[in-house]
Amino acid sequence: DCILDYVTYDALDLLNKMFLPNKQRISLKELIVHPFVTKPPNPQLLMKMIKHVADYKRMEFTKQQENMQSVINDINNLYSNRLHIQAKYIFYLNKQQELKQQYLSLLGQQQQQQQRQEGEKEK
């Protein structure tokens, strides 16, 4: 289906007249008597357009449902893995604290060694 399948000759004519340069453009007086404005819509064309919009909305709704289901699945996976994630977090937090203690211990040993060396130099 092409968009032109949903557009009447009168609609195209009106659009054409609306986009002409200023001096040639359709006036408001001409617009209100233009056939596109004064004629009732073509029922077959109107039904075709309504069906097209309904099909699009149905497709859009289906995509939204799929996206929502995907989000629900992701949340369920996170919830299922939360204990594993918490355990890893605690493990790495403890590892970080151990490394910090080792660093502080090494730093303390270096300071003591420097103090001894300074003390030996003074003697």
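Predicted model: local features only at pLDDT ≥ 70, side-chain atom pairs only at ≥ 80, totals over all residues.
Residues are numbered from 1 along each chain as its sequence is written, and side-chain values use heavy atoms, with hydrogens and water left out.

Visitor: Which residues of H1 are buried, and on which side of H1 do they lie?
Guide: The buried residues of H1 are Asp 10, Ala 11, Asp 13 and Leu 14. They cover an arc of only 165° around the axis, the arc being that of the directions from the helix axis to the C-beta atoms, which means that these residues are on the same side of H1.

Visitor: What covers the buried residues of H1?
Guide: For Asp 10, contact (heavy atoms within 4.5 Å) is made with His 34, Pro 35, Phe 36 and Lys 39, not counting residues up to four places away in sequence. For the buried residues of H1 taken together, the cover includes helix H2 (28-32) and H3.

Visitor: With which residue do the side chain atoms of Asp 10 meet in a salt bridge?
Guide: A salt bridge is a side-chain nitrogen of Lys or Arg within 4 Å of a carboxyl oxygen of Asp or Glu, and the N to O distance here is 3.1 Å. Asp 10 lies in helix H1 and its partner in the loop between H3 and H4, so the pair ties together parts that are 29 residues apart in sequence. The partner of Asp 10 is Lys 39.

Visitor: Which residues are linked in a network of salt bridges?
Guide: The side chains of Lys 51 and Asp 55 meet at 2.9 Å, N to O, and because they are 4 residues apart in helix H4, they are separated by about one helical turn. Arg 58 also forms a salt bridge with Asp 55, the closest N and O atoms being 2.8 Å apart, and these two residues of H4 are 3 residues apart. Lys 51 is exposed, at 53% relative accessible area, while Asp 55 is partly exposed, at 30%. The network therefore links residues including the pair one helical turn apart, and its members are Lys 51, Asp 55 and Arg 58.

Visitor: Which helix supplies the largest share of the lining of the largest pocket?
Guide: The largest pocket holds about 280 Å³ of space and is lined by 14 residues, of which Thr 8, Phe 36, Pro 41, Asn 42 and Leu 45 lie nearest its centre. H1, helix H3 (35-38) and helix H4 (43-80) each supply at least two residues of this lining. The largest share, 3 residues, comes from H4.

Visitor: How far apart are the C-alpha atoms of Ser 27 and Arg 82?
Guide: Ser 27 lies in the loop between H1 and H2 and is partly exposed, with a relative accessible area of 32%. Arg 82 is 55 residues from Ser 27 along the chain, and their C-alpha atoms are separated by 67 Å.

How values were computed. 1 Å grid on protein atoms, 1.4 Å probe; cavity = no way out; pocket = protein on both sides within 12 Å on 5 of 7 lines; lining within 4 Å. Points joined across faces, edges and corners; volume = space filled by probe spheres on them. Buried < 20%, exposed > 50% of the residue type's maximum accessible area, 1.4 Å probe, protein only.
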